[in-house]
There are 2 protein chains.
Amino acid sequence: MSATEYTVDLRDIRFVLFEQMKVHEQLKGVARYAEFDRETYDMMLDQAAMTAKDVIAPLNKVGDSPGASFDGKGNVTTPPGYKEAYHAIVEGGLLAAGMSPEVGGIGLPHVVDVGMHEMLTGACPAFAIYTGLSRATANLLQTEFCPEFFRPFAIQRIMAGDWAGTMCLTEAGAGTAVGDNRCRAERTEDPNVYHLTGEKIFISGGDNDLTKNIVHVVLARTSDAKPGTAGLSLFLVPKYIVNADGSSSDVRNDAFVVGIEHKMGINGSATCTLALGANGVCKGWRMGKEGQGMNVMFFMMNEARIGVGIQGLSIGSASYLNALDYAKERVQGSSIDNMKDANAPRVTINKHPDVRRMLMSMKSQVEAMRSLVYSVANRLDRAENGDPAEKEYLLGLVELMTPIVKAHCSDVGWEVCSTAVQVFGGYGYTKEYPVEQNLRDQRISAIYEGTNGVQAMDLLGRKMRQGGGMLFMTWLDECNKELERAKATKKMDEEVTALERARDHLGQTAMHLGALGMQGNIKGAMLQATPFLNLFGTVVLGLHSVWQARVALEAIEAGAAGDDLKFYKGKLANARFYAKNVLPRATSLAKSIQAGDESCMEEGLFE
Amino acid sequence: MSATEYTVDLRDIRFVLFEQMKVHEQLKGVARYAEFDRETYDMMLDQAAMTAKDVIAPLNKVGDSPGASFDGKGNVTTPPGYKEAYHAIVEGGLLAAGMSPEVGGIGLPHVVDVGMHEMLTGACPAFAIYTGLSRATANLLQTEFCPEFFRPFAIQRIMAGDWAGTMCLTEAGAGTAVGDNRCRAERTEDPNVYHLTGEKIFISGGDNDLTKNIVHVVLARTSDAKPGTAGLSLFLVPKYIVNADGSSSDVRNDAFVVGIEHKMGINGSATCTLALGANGVCKGWRMGKEGQGMNVMFFMMNEARIGVGIQGLSIGSASYLNALDYAKERVQGSSIDNMKDANAPRVTINKHPDVRRMLMSMKSQVEAMRSLVYSVANRLDRAENGDPAEKEYLLGLVELMTPIVKAHCSDVGWEVCSTAVQVFGGYGYTKEYPVEQNLRDQRISAIYEGTNGVQAMDLLGRKMRQGGGMLFMTWLDECNKELERAKATKKMDEEVTALERARDHLGQTAMHLGALGMQGNIKGAMLQATPFLNLFGTVVLGLHSVWQARVALEAIEAGAAGDDLKFYKGKLANARFYAKNVLPRATSLAKSIQAGDESCMEEGLFE
């Protein structure tokens, strides 16, 4: 551990995977994962940890300033070392770890892949945006929507590090309102190929020098399409035209970066404006049917949204561990017990109550986020067990949790990163320690891949209503089952009571908002979407802290000792702290939502 | 107004000064302010607004990058334009506005001076640190503690722009623990002059090119002094030795900057490491008696702490107004009423409930902060009316509110700045708009001039206990009086009820913590210091929103119309929104504090 260097919490990652979720036993029942064992998982995690620390983490500070650069002629240069690291990831099999063996991957379960991804992201968030988008593009091309022409080689090319991928949704006039996309796609003689024109903005990695070729996944509108999202289609737009054998030709497709943004953080990730067909022909291969663009894009977006949640977790975890180490090293003042004795021995700041409160607030929230994020990936794995009913059940929970993972983990990650800066005091504000960059890098999470406001509307307006509230009932059921297990320990009464109360507040608030909607007061309901997501997220993390504490309690009762015992006691402390210090926020959120205040909607206020 | 340019809210500033506090009438009763009238105040405010917008604001972006620079030889260069702007402030009389006419000032009331200071700070926070420190140094030199030698000319020199001032407390091993200061002061033949040695860090403006000379206010320890704060003395250390007529000689005192910090924000403000007597003689003139250093320093620190609160208010206000303007201009999506109609007209985002919720959250908190900060300054003015009992009463309230102004306004300012970024979406994360810099600049507020944790300990451990809880009782009394006035309107029942409930929670929590202290559980009490300050701050801003709404209601009933009516209605909306959406946080804070959780103190957790 170190206050300046990147640290991973492999102990906690292993706890989640092998003690809490027992994936090495549980996934034996899923054919595609049956051959993996704990040893393989451990080996992959160790490899990812080493790569994260030795190969990726050194890029973080150098990539912050001056960051990715643009030559004014369409070419982006990534920070020094990015290219080598990208290919080290490829060659180490880490990019393809989650892909199936048929396309050159290892076929690891999502949950283990997420463990690896957490470490790589925390090491250098800006760098991980490139690998994350390449993975997401590959995953999309694994579906039936991959254009015929690309099918034989697309995923393999990405996995080999020949192609990177991007996601092109946003336009200057169409951010949150994706349906207002204006990029045009004209049909050509080849029914699969279109000519695209228009401009996309905020495209991460829109150009880069990491790979020979780039495949852009682009939303555009055919000339006779319906207005709104229903008129959008999706296209695969390569930077260089691809030959029939999958190799890249020297023929440049007319998709050129015309500028990059100067940002608060993630400066190593080039945020590009991409002009399509501005000076020549920009060819795009249709993915899925015309008008199906948003549906297909959602495959990629859901993965990206979970990815943003992972970012909150991993940057938060990195900041927490740096702050913890700093607090153990930094001597300042005497113990509060000797406050009035000017000669009292000086102590490290991890002895001061206010600092411990900050550390605990970070630890309890980071570890609960880890449990949440991994549990979503684990549900995706369990959904592969061949039972269609269970699949529907599990994927429903994933759908419900996706906006919460994206928005709540980005908000909590932000809070954690800011608390870490505070632990460092004045030094935290300087570039001498990584926590200030972490804070800046983390700020994007609440914005991209659909702002947190959009996530809240997705949760309240779509996911909560799906199947007449079925997804929420399913989650409540899961929550109640864990409460029963925790109750059975007879040692978690206070935590159980606090979580039950918070769950009830959540349930009542959901009913209240549902009733508002039925009365036709959509505005009144949607006004509370963000507070409702905060409320739900707060309760969800409370559930995860109880789940972890219960597992830890079982381990303690089974005779844990030494460092293990210390670790498990930390989990009990997490749940206690969270129940007493964080869960009460759920009460106040429930009250303010149910108060139904609409004063901000008053005419004339912000006009 | 503009989404990119600095905007001041003169309408609201005038409301606070002339409608809410009626300072132009009220201060007629204070001899030193009796000759001022509304016209003079308005003129000064207009001048400050114009200077802020035209002279200071243009420095903000250029000063951010690359910021102040250091030549490695002791010399700091401020960003382009800083020097000219500093002298424009001096020549416009704005630096001296609050100083008495005897020393070349105008003798304006503190509250009007704060109004001007708010605008200058919001225009360029990094720049205002220089002027703020010069003012604070001048104010300190106005006291009996000014060294005899400097008395005839010190303030005049600062006000004339010949000297800047700095505050030198922190050392590498003595940040929060000021008592651990090691800088040494050796007596010389001249009983007023000492030779200083040692190193100070984090010194804002430790060197700069704004003025010919700089006077550093330095804490140091005489060789035979007691340990701890009781052994500290204070010294005035000029950069150039001062001649008997107050002119600066060419003799360089050995106080040299040896490095500056690279920071997240306020990059125009040079944060310096200052070496004293490292290569020669560093002369310091004692201020006050030996061992009195901390007491004298507190004069300056209290002003600086209020200054940090002003920073939270002004940067928050600037961000809010930029976001408001952006929301009025930015077209995105259709109204939620036409959600399903893809052809519905596109609207500006100020029509969307989630955006209005964010705007309201910013507006209500910024305006309540303004009321709080100005009310503290106003109490300082009223304290000058010659009645000793009233003076004690009013200064007691100022003492109680100082840590709240410093810490709560810096926290709320941070929340507001982050919300403003969110309103801008992706653009908010770019350097195209000022809100990302505001967010970075604002992050320092919770750290410097005593971290917010230190403020919380000052509030709970000192101010709440002062006179057996007398200050708190006084505040409660003021709160109750305003509640009675609001009740009398018979139109604010919900806001009154909510504030009464929050006040009760605050009172019970204070009693609970007091009891903990009496039982000897100092650790348990101090563990809750930060949540307690948050709780108190939340209630205080609630009180101010009720106060403002009551005044607005009276104006409406007196027949306000047009833009005024719109403005007053905004105040009613503030109070309603705050009562329903922010005050509930007080309940959850009170509950979690009273739950008395000490899980983070468990042995072994962070060791």
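**The contact between the chains**

Let me start where the chains touch: 74 residues of chain B and 74 residues of chain A take part in the contact. On the chain B side, helix 18, residues 562-582, gives the largest share, with eight residues. If you sort the chain B side by class, you get 30 nonpolar, 23 polar and 21 charged residues. Please keep in mind that this is a predicted model.

How are the copies placed relative to each other? In general, two copies of a chain are related by a rotation about an axis and a shift along that axis. Here, a rotation of 180° with a shift of 0.0 Å along its axis puts chain B on chain A, with an RMSD of 0.0 Å. That is the relation of a two-fold axis. Which C-alpha of chain B is nearest the axis? The one belonging to Ser588(B), at 2.9 Å from the axis. Both copies use the same surface, in that 99% of the contact residues of chain B recur in chain A.

**Chain A as a whole**

Now to chain A by itself. By secondary structure, chain A has 19 helices and 14 strands.

Of the 607 residues in chain A, 61% are buried. As for contacts between residues at least 6 apart in sequence, 75% of them join residues at least 24 apart.

Chain A is divided into domain 1 (10-141), domain 2 (163-296) and domain 3 (457-596). Between the C-alpha centres of domain 2 and domain 3 of chain A there are 40 Å.

**Helix 3**

Next, helix 3, which I will take in both chains. In chain B, helix 3 covers residues 38-56, so to speak, 19 residues in total. From first C-alpha to last, helix 3 of chain B reaches 25 Å, close to the 27 Å expected at 1.5 Å a residue. Its buried residues include Tyr41(B), Met44(B), Leu45(B) and Ile56(B). The buried residues of helix 3 of chain B pack against several other helices of chain B, among them helix 1 (10-20), helix 5 (82-91) and helix 7 (125-141).

In chain A, helix 3 holds Met44(A). Is Met44(A) buried or exposed? Buried, because 21 other C-beta atoms lie within 10 Å, and the cut-off for buried is 20 or more. Leaving aside neighbours within four places in sequence, Met44(A) is in contact with Ala97(A), Leu108(A), Val112(A) and Met116(A). Asn253(A) is 209 residues from Met44(A) in sequence, and their C-alpha atoms are 38 Å apart.

**Helix 13**

Last, helix 13 of chain A, residues 452-463. This helix is mostly covered, with 10 of its 12 residues buried. Among the buried ones are Asn452(A), Gln455(A), Asp458(A) and Lys463(A). What do they pack against? In chain A, the partners of the buried residues include helix 11 (388-424), helix 14 (470-488) and helix 17 (529-557). Helix 10 (353-382) of chain B is also one of the partners.

That is the end of my part.

Note on methods
Residues are numbered from 1 along each chain as its sequence is written. Chains are lettered from A and ligands numbered from 1 in the order in which they are written. This is a predicted model: local features need pLDDT of at least 70, side-chain atom pairs count only at pLDDT 80 or more; totals for chains, interfaces and linings use all residues. Helices (H or I, at least four residues) and strands (E, at least two) are DSSP runs, numbered from the N terminus. Two residues are in contact if their C-beta atoms, placed from the backbone, lie within 7 Å. The expected span of a helix is 1.5 Å times one less than its number of residues. Domain bounds come from an automatic or database domain assignment. Ala, Val, Leu, Ile, Met, Phe, Trp, Tyr, Cys and Pro count as nonpolar, Asp, Glu, Lys and Arg as charged, and the others, Gly among them, as polar. Copies are superposed by least squares on the C-alpha atoms of residues with pLDDT of at least 70 in both.
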